[in-house]
Amino acid sequence: MGGYDVWDIPGTAFIDPGENWCGVRCPACGSDIEDWWGDAMDTAALPDGYFDALAVTMPCCSAQTDLNALDYVEAAGFARYSLVTTDPECELPLPPASIQALEDLLGTDLRQVIARY
């Protein structure tokens, strides 16, 4: 039977939805920025594959934002820790009450990323 794992990531990592990836848009004007995004990720990545500075200027409208605030069509983002369910019978997405309970326990906001690999 599966359960939950907590992954302590040695740096700030990008947590992606894997096969559920559906693109990324500018949070300011809604433009499709997927072609630009790949280069922006390469530029922001450290040699070890983790990230430090996430600030970016949008190529479409010059808005100032960061890579974590982009409008990922399927949830994605940057994290130092990851809570991972390994239970194939776990209903996803987790209900809002479960997310809220975890946020209250951890004292931080969470972003639920449903990944498929």
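Which residues of α1 are buried?

Modeller: Keep in mind that this is a predicted model. In helix α1, the buried residues are W37, A40, M41 and A44. Look down the axis of α1: these buried residues fall within an arc of 100 degrees, so they line one face of the helix. Now turn to the face pointing away from that buried side. The exposed residues D35, D39, D42 and T43 sit there.

What does the buried side belong to? Start with the core. The largest nonpolar core has 18 residues. Helix α1, residues 34–44, supplies the largest share of that core, four residues. W37 is among the core residues with the most contacts inside it, along with F14, L67, L70, Y72 and F78. In general, nonpolar side chains tend to be buried together in soluble globular proteins.

M41 is in contact with F78. F78 also touches F14, L67 and Y72, which are on the list of core residues with the most contacts.

L54 leads on to another residue. T65 touches L54 as well, together with P27, A55, V56, M58 and L70, not counting residues up to four places away in sequence. T65 lies in strand β4, residues 64–66. Its relative accessibility is 18%, so T65 counts as buried, the cut-off being under 20%. The phi angle of S62 is near 65 degrees, a positive value in a residue other than glycine. S62 counts as exposed, because its relative accessibility is 52%.

Next, strand β1. I15 is found in this strand. At 23% relative accessibility, I15 counts as partly exposed. I15 and A76 are 61 residues apart in sequence, yet their C-alpha atoms are 5.6 Å apart in space. I15 is in contact with A76, and also with I9, G77, A79 and V113, leaving aside neighbours within four places in sequence.

After β1 comes a loop that holds E19. A search of the whole structure finds one salt bridge. E19 forms it with R116, and their closest N and O atoms are 3.7 Å apart. The pair links distant parts of the chain: R116 is in the segment after α2, and the two residues are 97 residues apart. In general, side chains of opposite charge can pair when their charged atoms come close.

L110 counts as partly exposed, because its relative accessibility is 30%. With L83, L105 and L106, L110 forms a nonpolar patch on the surface. Together the four have about 370 Å² of accessible area.

One more stop, in the loop between β6 and α2. P93 has its place there. The peptide bond from L92 to P93 is cis, with omega near 0 degrees.

Back to the helix you asked about. W37, A40, M41 and A44 are its buried residues, and D35, D39, D42 and T43 are exposed on the face turned away from them.

Notes. Residues are numbered from 1 along each chain as its sequence is written. This is a predicted model: local features need pLDDT of at least 70, side-chain atom pairs count only at pLDDT 80 or more; totals for chains, interfaces and linings use all residues. Side-chain values use heavy atoms; hydrogens and water are left out. A nonpolar core is a set of buried Ala, Val, Leu, Ile, Met, Phe, Trp, Tyr and Cys residues joined through side-chain atoms within 4.5 Å. Buried means under 20% relative accessible area, exposed over 50%, partly exposed in between (1.4 Å probe, protein chains only). Contact means heavy atoms within 4.5 Å. A salt bridge is a side-chain nitrogen of Lys or Arg within 4 Å of a carboxyl oxygen of Asp or Glu. Patches are made of residues with over 30% relative accessible area and no salt bridge: like charges are joined within 9 Å, nonpolar side chains (Val, Leu, Ile, Met, Phe, Trp, Tyr) within 5 Å. Accessible areas come from the Shrake-Rupley method with a 1.4 Å probe; for residues, only the protein chains shown count as cover. The arc is that of the directions from the helix axis to the C-beta atoms.
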